[in-house]
Amino acid sequence: MSAAEFSPPYLSPNAIDTALRERGVGLLSGEDTAAWIGVPLAELKALEPHWDRLVADGYLKDGGRYRQRRHSCFVVDGGRVQPVPHRAHWQPVEYNALHGGMQRWFEPMEPAMVAAPAWTRLLQRLAASADALRGAQPWYVEAHPFRIDTTDGIGRPTPEGAHRDGVDLVAVFLVGRHAIKGGESRVFEANGPNGQRFTLRDPWSLLLLDDPRVIHESTPIQPEDPEGHGWRDTLVVTLRAGGFQGG
């Protein structure tokens, strides 16, 4: 860790719901993420090969080639997880000034990942956290496995800049990093002066955000070796009440 890098202020699993309610943000280490979800960490790590089979994002308006991803949607209601027919990812321009207002059709997540028991438990636990924050109700869930790499010399995890997602709860899992520098997470109050910055390095560490209350971004990544190639793998899961964005 460089001298200028800030460590994540991890919490214990039993403090997450309170932190979300009081401050709008909470962080867990990888081991504690697994304990919070209720699965062995090895079961989360067993999902990682799916990141090697993501598909190039053909919608980047900056012309970049640095992002690969997939996208699938679910409804979680009372612990029941129901995949929904494949649909476009859509955001209004007020939440995504760069890519908002357009239907983006990404390849769906691989069936084996969706069928993994750890995946079901992950969605159930996130929905329970959303219930604690907003009250029990159906949650409309969008899941985005991402790989940001240094193909262009620099990779941008959030090319749209600091933003909200227009949902109720955002979960950002750091799946892994390889031979990169950068990728600092930054979270700010949406209507106040306070913020924090930290770099997620622990595989399967988790950043949870009460989306209406905070804005967030991640800084660009570069290869540690100027001649080398690196990447940063994340899983972003959003939960929204009332329906998916875009109907």
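Author: One term to begin with: contact means heavy atoms within 4.5 Å. This is a predicted model, where local features need pLDDT of at least 70, side-chain atom pairs count only at pLDDT 80 or more, and totals for chains, interfaces and linings use all residues. Residues are numbered from 1 along each chain as its sequence is written, and side-chain values use heavy atoms, with hydrogens and water left out.

Reader: Fine. What does Arg 232 touch, leaving out residues up to four places away in sequence?

Author: Quite a list. Among them are Phe 146, Arg 147 and Ile 148, then Pro 157, Leu 174, Gly 176 and Arg 177. Ile 180, Gly 183, Ser 185, Ser 218 and Ile 221 are also touched by Arg 232.

Reader: Where is Arg 232 placed? And is Arg 232 buried or exposed?

Author: Arg 232 is in strand β14, residues 231-240. Strands here are DSSP runs of E with at least two residues; helices are runs of H or I with at least four, and both are numbered from the N terminus. Arg 232 has a relative accessible area of 3%, so it is buried. The cut-offs are under 20% for buried, over 50% for exposed and partly exposed in between, with a 1.4 Å probe and protein chains only.

Reader: Zoom out. How many helices and strands are there?

Author: The protein chain has 5 helices and 14 strands.

Reader: Why does the radius of gyration agree with a compact globule?

Author: Because 247 residues in a compact globule would give a radius near 18 Å, and the protein chain has 17 Å. That radius is taken over C-alpha atoms, and the globule rule is 2.2 Å times the number of residues to the power 0.38. The C-alpha trace spans about 50 × 40 × 35 Å along its principal axes.

Reader: What share of the residues is buried?

Author: 50% of the 247. As for contacts with a separation of 6 or more, 78% are between residues 24 or more positions apart.

Reader: Now Asp 149. Where is it?

Author: Strand β6, residues 139-149. Asp 149 counts as buried because its relative accessibility is 4%.

Reader: Which side chain makes a polar contact with that of Asp 149?

Author: Gln 68, at 3.4 Å. A polar contact is a pair of N or O atoms within 3.5 Å; within protein, one must be able to donate a hydrogen and the other to accept it, and residues adjacent in sequence count only if both atoms are side-chain atoms. Beyond four places in sequence, the contacts of Asp 149 also include Arg 65, Tyr 66, His 229 and Trp 231.

Reader: Switching topic. Which residue other than glycine has a phi near 70°?

Author: Trp 204. Most residues other than glycine have a negative phi. Trp 204 sits in the loop between β10 (195-198) and β11 (205-210). Its relative accessible area is 0%, so Trp 204 is buried.

Reader: And Ala 179?

Author: Ala 179 also has a positive phi, about 55°, and is not a glycine. Ala 179 lies in the loop between β7 (169-178) and β8 (180-182). Relative accessibility is 31% here, so Ala 179 counts as partly exposed.

Reader: Back to β11. Is Ser 205 buried or exposed?

Author: Buried, because the relative accessibility of Ser 205 is 0%. Ser 205 is in strand β11. A polar atom of its side chain lies 2.7 Å from the backbone oxygen of Asp 202. Outside four places in sequence, Ser 205 is in contact with residues including Tyr 10, Leu 28, Thr 33 and Val 172.

Reader: What about Asn 14, buried or exposed?

Author: Exposed, because its relative accessible area is 69%. Asn 14 comes in the segment before α1 (16-23). The side chains of Asn 14 and Ser 12 are joined by a polar contact of 2.6 Å.

Reader: Last one. Which residues does His 50 touch, not counting those up to four places away?

Author: Glu 110, Ala 112 and Met 113. His 50 is in the loop between α3 (41-45) and β2 (55-56). With 10% relative accessibility, His 50 counts as buried.
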